[in-house]
Amino acid sequence: MTPLATATAATAPAATAPGFLSPTGVEIAFLLVGAVTLGAAVITVTTRQLVHAALWLVVALGGLAVEYLLLTAEFIAWVQVLIYVGSVVVLLLFGLMLTRAPIGRSPDADSGNRPVALAVAAAAAAALLWVVVDAFRTTWIDLGGPAQGSTRVSGEILFRHWVLPFEALSVLLLAALVGAIVLSRRNGDGDGDGDDAKDLKRQGPHRTAPGKDR
Amino acid sequence: MHLAYPAVLAVLLFCTGLYGVLARRNAILVLMSVELMLNAVNLNLVAFDVWLRDTLHAGQALTLFTIAIAAAEIGIGLAIVLMVHRNRDTSDVDRLRDTAEPRPRLSAALGPTDPGADASGSGADDPEADDSDADDPDSDSSDPGRAAGEKAEATA
């Protein structure tokens with residue numbers, strides 16, 4: 001089946017598309033992994049233990065990697081595992097440790113505008129779900145044929161058609177890393193005067209804080 | 001596979017991240033929620049790329065770019081959070097109010113006035129007045145040591 005024919009079949013009305021009542025195995029797997037992912041995401045944004053939030057974020061991002069695999073985007077799935085689960089979560093954990101986040105439950109993890117946030121998120125979810133379900137109720141993804149996101153295909157399109165954005169992105173990443181190093185350097189040029197006394201004064205309450213933390 | 005499944009999952013993940021961004025106080029938790037939102041967008045990109053069978057695979061290329069930009073964003077964001085924590089001893093985004101407009105009740109609370117007017121002003125001004133708003137005058141007028149003491153007693 002040519003891509004054009006597949007596209008026209010995908011945009012055909014519901015008479016040709018399979019119904020929701022007889023899901024395929026891929027759909028069942030997608031739904032199960034999606035439920036796990038969504039649950040982990042909800043726990044990530046609602047738990048009061050900061051380190052647990054980072055660890056549940058690992059579950060959510062790993063579940064998304066499995067969803068990419070189910071959508072036959074293999075290369076992106078492994079990039080997701082490598083970059084998100086491997087480095088971003090580790091960076092977040094480092095940030096939690098370096099800002100001396102409390103290990104146990106922290107009562108001030110949630111802001112006071114939680115009902116407003118819940119209302120905004122629920123309204124956005126309702127509106128977007130309405131639009132998305134109404135628009136894509138009958139469209140069908142044809143997952144057959146050769147994998148569309150294998151490493152070979154991704155490498156070919158990335159280094160044949162998207163070379164210039166790729167190189168620009170590498171420059172951006174380099175600039176971001178240099179910026180991060182400059183930002184997080186401890187003794188910059190500007191704050192070398194009399195800052196040590198303030199540092200010592202700031203260290204004072206934290207020396208006693210771990211005894212009070214649970 | 002129906003396209004509705006990944007689209008609906010992406011919508012729900014995005015709204016979960018939106019709730020997290022709006023409801024969390026710790027800056028690192030806000031960054032985690034931003035990651036959730038970016039991942040929802042990535043799922044949409046991959047799903048639509050597989051659906052459209054794009055010969056250029058623009059969706060997957062853009063997903064890779066988004067992942068790299070998210071990595072850069074998390075690096076810069078964590079550097080900024082660390083710097084704020086070093087300067088102010090807090091990673092609480094509700095306390096970073098230096099550039100906020102001085103609200104009338106805040107100036108009334110800072111000025112020499114009676115507590116009755118302050119209480120009535122705070123009750124009438126902000127309907128969702130919470131504990132963070134309640135200690136605003138303290139955190140605005142106090143030195144860093146006192147703010148650190150407040151954080152220590154808040155986490156204890």
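Which side chains meet in a salt bridge at 3.1 Å, N to O? Here are my notes, with the answer in point 2.

1. **Ground rules.** This is a predicted model, where local features need pLDDT of at least 70, side-chain atom pairs count only at pLDDT 80 or more, and totals for chains, interfaces and linings use all residues. Residues are numbered from 1 along each chain as its sequence is written, chains are lettered from A and ligands numbered from 1 in the order in which they are written, and side-chain values use heavy atoms, leaving out hydrogens and water.

2. **The bridge between chains.** The answer is D110(A) and R24(B). A salt bridge here is a side-chain nitrogen of Lys or Arg within 4 Å of a carboxyl oxygen of Asp or Glu. D110(A) sits in the loop between α4 (74–98) and α5 (114–135) of chain A, while R24(B) is in the loop between α1 (4–23) and α2 (27–52) of chain B, so the pair crosses between chains. D110(A) is buried at 8% relative accessible area, and R24(B) is buried too, at 2%. (Buried is under 20% relative accessible area, exposed over 50%, partly exposed in between, using a 1.4 Å probe and protein chains only.) R114(A) joins D110(A) and R24(B) in a network of salt bridges.

3. **A bridge within chain B.** D94(B) pairs with R25(B), the closest N and O atoms being 3.3 Å apart. D94(B) lies in the loop between α3 (58–88) and α4 (104–110) and R25(B) in the loop between α1 and α2, so the pair ties together parts 69 residues apart in sequence. D94(B) counts as buried at 15%, and R25(B) at 6%.

4. **A bridge along a helix.** In chain A, R152(A) and E156(A) form a salt bridge at 3.8 Å. They are 4 residues apart in helix α6 (residues 151–160), which means about one helical turn separates them. R152(A) is exposed, at 65%, and E156(A) is partly exposed, at 34%.

5. **Chain A overall.** Chain A has 8 helices and 0 strands; helices (H or I, at least four residues) and strands (E, at least two) are DSSP runs, numbered from the N terminus. Of its 214 residues, 32% count as buried.

6. **Where to be careful.** pLDDT is the predictor's confidence in each residue, from 0 to 100. Chain A averages 81, with 79% of the residues scoring at least 70. Over residues 1–15 of chain A, though, the pLDDT is below 50, and it stays under 50 over residues 191–214 as well.

Definitions and conventions
Contact means heavy atoms within 4.5 Å.
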